[in-house]
Amino acid sequence: MQAHIQVRDLNVEYSGHAALKNVSVEIPKQQLTVIIGPSGCGKTTLLKSMNRLLELSDETRVSGQVLIDGADIYDPAIDVTEVRKKAGLLAQRPYPLPMSIYDNVAYGMRIHGLKKGRDLDRAVQHYLELAGLWNEVKDRLKSPATRLSIGQQQRLCLARGLAVEPEILLGDEATSALDPISAQHIEERLHELKQQYTIVLVTHILRQAKRLADYVIFMYLGEVVEHGPAHEVFSNPREERTRAYLEGAIG
Amino acid sequence: MKKKFARRHVEEAIFKVLMIGSFVLVVGSLGLILLTVIVKGWPALTLDMLTQTPKGGYYLGKEGGILNAIVGSLYLAGGGTLLALIIALPIVIYLAMYASRSRWAATVRLSLDVLWGIPSIVYGAFAFIIMLAIGMRASLLGGIIVLGLLELPIMVRAIDEVVRIMPFEMKEASFSLGATRFETAVKVIVRQTLPGIVTAILLAFGRGIGDAASVMFVAGYTDRMPESLLRPAASLPLAVFFQLGTPFPEVQQRAYAAALILTTIVLIVSLGSRWLSGRLSRYVVK
């Protein structure tokens, strides 16, 4: 297994309360890793440590290392915008930007100066296709993103994230606010995208984890209890707490 | 069965009466003000008032108009509002993106609230002292600067409030695409809060155009049209004040006509900005 992201002795505190305790884990490249565990166990915190979104909230203290391709993203010399460009986020609820469908996808490409003019048009189409939304929006690219249904908005957010050419996709319960059909759309996209992207998905839906995961991280009360290839963890967990969670006894 | 006149029903009835009472008070006073201004001002309102400057003897009841004050007021309040906006936006962006919950930001907000409460005559007197110190005469430019400062606290706090209720996740979405704080502020926050910014501009403009005390010393008054930034400029509130202070009934009537013009300008700007902020909310994420 080739590790894409390595988390080493990561500790995170929110105003004195420990959210992650000595977390060390490796995320395999171009596979779909699922983080499972009961609510409040630090899944989202671990996820957001991977593109330095934690520091947006005040009074958050992070210590330890997160290495992407061997480079520590918490190194003060590293450009945080490059870190975030490399690891896109798909949030729990879609939050389109206050602009048109087209501009939402073009936003990231414009700020990074990736594409211009005709190339930008083609790129917008490409990423909307990749997110499985193109056919539904091709005739109304200029209309506000908020006119889309919530499921379409989530795919728009996926297209928007893909457009800045990340290598990693971080999903924070990315289907939990969606109806079953929209959720299935997103799952299908993620399943396709893991050929080229390293995907990390937080979920509290065990069935979803089993459908999608190549690799599993089980967390409990701010610690990583167990991690390994999905078939091993699901069929033969080593830890008692993992077994209890999978059987529905805790969480 | 409980009695119908239980304590909580009585409470409910009392609060209903209070609510209706305060509603009537607010709408009633607005109506009375408008009624007074229209009834007293309309008969004196002539086309000359809107299109001419005061001729000799205007303040004795002879011919002329107050075009100088109308244009002067629009320049003063328009310039002041523009100046306040130019200063306010960086402050708001700083508060929102760099210092949201720090003690420093709390100090800035408190200072602005205090400034908001300072009577405008104090601004005028303060600016007058500075003018004397640097040897500047009463001028349109001075008036614009003072009005800008007078409007600044309203502008910043009104925009700050709409920026603060913006969903955190929207900023997070922009950051997660690798945007800097500045890009997020200019391309996302300003667009999302544009209708609120328009409302803030309206509030600030309203305070600026209606204020007499702050511009009295600083912008002065003249019967001529405002032609230069460095010359004095007339304003509508002062036109009302001076005309109302004369002993001639027909000139006093013209004061009400001037008040009617001022009220109409504010009304037009209000309705215009409502329409504009409706248009601008097309892309706003609710």
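User: How many helices and how many strands does chain B have?
Analyst: Chain B has 11 helices and zero strands. This is a predicted model. From the N terminus on, the elements of chain B run α-α-α-α-α-α-α-α-α-α-α.

User: What are the corresponding numbers for chain A?
Analyst: In chain A there are 10 helices and 10 strands.

User: Why is chain A called as compact as a globular protein of its length?
Analyst: The radius of gyration of chain A is 18 Å, and the globule rule gives 18 Å for 251 residues. The value is close to the one from the rule, so chain A is described as being as compact as a globular protein of that length. Along the principal axes, the C-alpha atoms of chain A fill a box of roughly 55 × 40 × 35 Å. For chain B, the box is roughly 65 × 65 × 35 Å.

User: What share of each chain counts as buried?
Analyst: In chain A, 45% of the 251 residues count as buried. In chain B, buried residues make up 37% of 286.

User: What makes G80(B) a buried residue?
Analyst: A residue is buried if 20 or more other C-beta atoms lie within 10 Å of its own. G80(B) has 28 such neighbours, so G80(B) counts as buried. Its place is in helix α3 (residues 67-97) of chain B.

User: Which residues does G80(B) touch, leaving out those up to four places away in sequence?
Analyst: G80(B) touches I144(B), L147(B), G148(B), E151(B) and G208(B).

User: Where do D9(A) and D69(A) lie, and what is phi for each?
Analyst: D9(A) lies in strand β1 (residues 3-14) of chain A. Its phi is near 45°, a positive value in a residue other than glycine. D69(A) is placed in the loop between β4 (60-68) and β5 (71-72) of chain A. Phi of D69(A) is near 50°, again positive in a residue other than glycine.

User: Why is α7(B) called roughly antiparallel to α8(B)?
Analyst: Helix α7 (residues 168-176) and helix α8 (residues 181-210) of chain B pack at an angle of about 150°, with their axes 10 Å apart. Angles over 145 degrees count as roughly antiparallel, so α7(B) is roughly antiparallel to α8(B). The crossing of this pair is right-handed.

User: Which residues make the contact of α7(B) with α8(B), and how do they divide by class?
Analyst: M170(B), K171(B), S174(B) and F175(B) of α7(B) meet T184(B), V188(B) and Q192(B) of α8(B). By class these are three nonpolar, three polar and one charged. Lys counts as charged.

User: Which residues meet between α5(B) and α6(B)?
Analyst: S120(B), Y123(B), G124(B), A127(B) and M131(B) of α5(B) meet G142(B), V146(B), L149(B) and L150(B) of α6(B). Six of the residues in this contact are nonpolar, three are polar and none is charged. Gly counts as polar here and Tyr as nonpolar.

User: How many residues of chain B are in contact with chain A, and which elements of chain B give two or more of them?
Analyst: 22 residues of chain B are in contact with 27 residues of chain A. On the chain B side, α7 and α8 each give two or more residues. The largest share, seven residues, comes from α7(B). By class, the chain B side has 10 nonpolar, five polar and seven charged residues.

Terms used:
Residues numbered from 1 in each chain as written. Chains lettered and ligands numbered in written order. Predicted model: local features only at pLDDT ≥ 70, side-chain atom pairs only at ≥ 80, totals over all residues. Helix = DSSP H or I, 4+ residues; strand = E, 2+ residues; numbered from the N terminus. Rg over C-alpha atoms; globule rule 2.2 N^0.38 Å. Buried ≥ 20, exposed ≤ 12 C-beta atoms within 10 Å, placed from the backbone. Axes fitted to C-alpha atoms, helices over the stretch in contact; angles between N-to-C directions. Parallel < 35°, antiparallel > 145°, perpendicular 65-115°, else oblique. Left-handed = near helix turned anticlockwise from the far one by under 90°. Contact = placed C-beta atoms within 7 Å.
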